[in-house]
Amino acid sequence: MELEAQGLSFDELKEETKSDLDIFDLICHIAYDAPALTRRERAEHVKKRNYWAKYGDKARAVLNALLEKYAETGIEDIEDMKILTVDPLKRLGTPQEIVGLFGGKAAYLKALCELEAEIYRAA
């Protein structure tokens with residue numbers, strides 16, 4: 001990461017603030033004194049907007065599980081395809097079955113990008 005190359009450690013910053021902010025909110029808060037939302041607050045805003053109504057029930061369950069994983073551990077974890085092999089996602093099907101709910105890998109990745117855009121959309 002470029003910030004770490006410049007001697008700025010996200011982990012150290014996070015430790016100093018003792019919060020569950022992701023890197024986006026932490027940097028915006030430090031650099032611009034912007035109000036910071038926790039990952040849980042961002043996830044709740046996405047749920048209120050219910051942007052995933054266009055998906056079927058099972059695909060919505062996957063997106064909701066990804067959103068919960070984001071709230072717990074951060075954006076990096078949901079971007080990794082390995083996330084489909086851990087609870088609660090593995091209870092929703094195999095990675096191939098989950099991707100199939102969206103119409104294939106490209107459509108799954110598009111849905112994931114949309115989810116990320118919703119996460120970082122202004123509250």
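The following dialogue explains how to read several features of a predicted model.

Trainee: Which conventions apply to this model?

Mentor: Residues are numbered from 1 along each chain as its sequence is written, and side-chain values use heavy atoms, with hydrogens and water left out. As the model is predicted, local features need pLDDT of at least 70 and side-chain atom pairs count only at pLDDT 80 or more, while totals for chains, interfaces and linings use all residues.

Trainee: How many helices and strands does the protein have?

Mentor: Helices (H or I, at least four residues) and strands (E, at least two) are DSSP runs, numbered from the N terminus. This protein has 8 helices and 0 strands, and its elements follow the order α-α-α-α-α-α-α-α from the N terminus.

Trainee: What share of the residues counts as buried?

Mentor: Buried means under 20% relative accessible area, exposed over 50%, and partly exposed in between, with a 1.4 Å probe and protein chains only. Here, 36% of the 123 residues count as buried. The protein exposes about 7,400 Å², of which carbon and sulfur atoms supply 53%. Such areas come from the Shrake-Rupley method with a 1.4 Å probe; for residues, only the protein chains shown count as cover.

Trainee: How is the packing of two helices described?

Mentor: Two packed helices are described by the angle between their axes and the distance between the axes. Axes are lines fitted to C-alpha atoms, for helices over the stretch in contact, and angles run from 0 to 180 degrees between N-to-C directions. In this model, the axes of helix H5 (residues 57–73) and H8 come within 11 Å and cross at roughly 50°. H5 and H8 are therefore oblique to each other; angles under 35 degrees count as roughly parallel, over 145 as roughly antiparallel, 65 to 115 as roughly perpendicular and the rest as oblique. The crossing of H5 and H8 is right-handed, meaning that the near helix is turned clockwise from the far one by less than a right angle. The residues that make the contact include Leu63 and Tyr70 of H5, and Leu112 and Ile119 of H8. Contact means heavy atoms within 4.5 Å.

Trainee: How many salt bridges does the structure hold?

Mentor: A salt bridge is a side-chain nitrogen of Lys or Arg within 4 Å of a carboxyl oxygen of Asp or Glu. The structure holds 11 salt bridges. One of them joins Glu44 and Arg40, at 3.9 Å from N to O. Both residues lie in helix H4 (residues 39–49), 4 residues apart, which is about one turn of the helix. Glu44 is partly exposed at 32% relative accessibility, and Arg40 is partly exposed at 30%.

Trainee: What separates Lys110 and Glu114 in helix H8?

Mentor: Lys110 and Glu114 are separated by about one helical turn because they are 4 residues apart in helix H8 (residues 105–120). Their salt bridge has its closest N and O atoms 3.8 Å apart. Lys110 is exposed, with a relative accessible area of 53%.

Trainee: Is Glu118 buried or exposed?

Mentor: Glu118 counts as buried, at 12% relative accessibility. Its side chain meets that of Arg121 in a salt bridge of 3.2 Å, N to O.

Trainee: Which backbone features deserve a separate look?

Mentor: Most residues other than glycine have a negative phi, and most peptide bonds are trans. In this model, the peptide bond from Asp87 to Pro88 is cis, with omega near 0°. Pro88 is found in the loop between helix H6 (75–79) and helix H7 (95–101). Asn50, although not a glycine, has a positive phi of about 50°. Asn50 is placed in the loop between H4 and H5.
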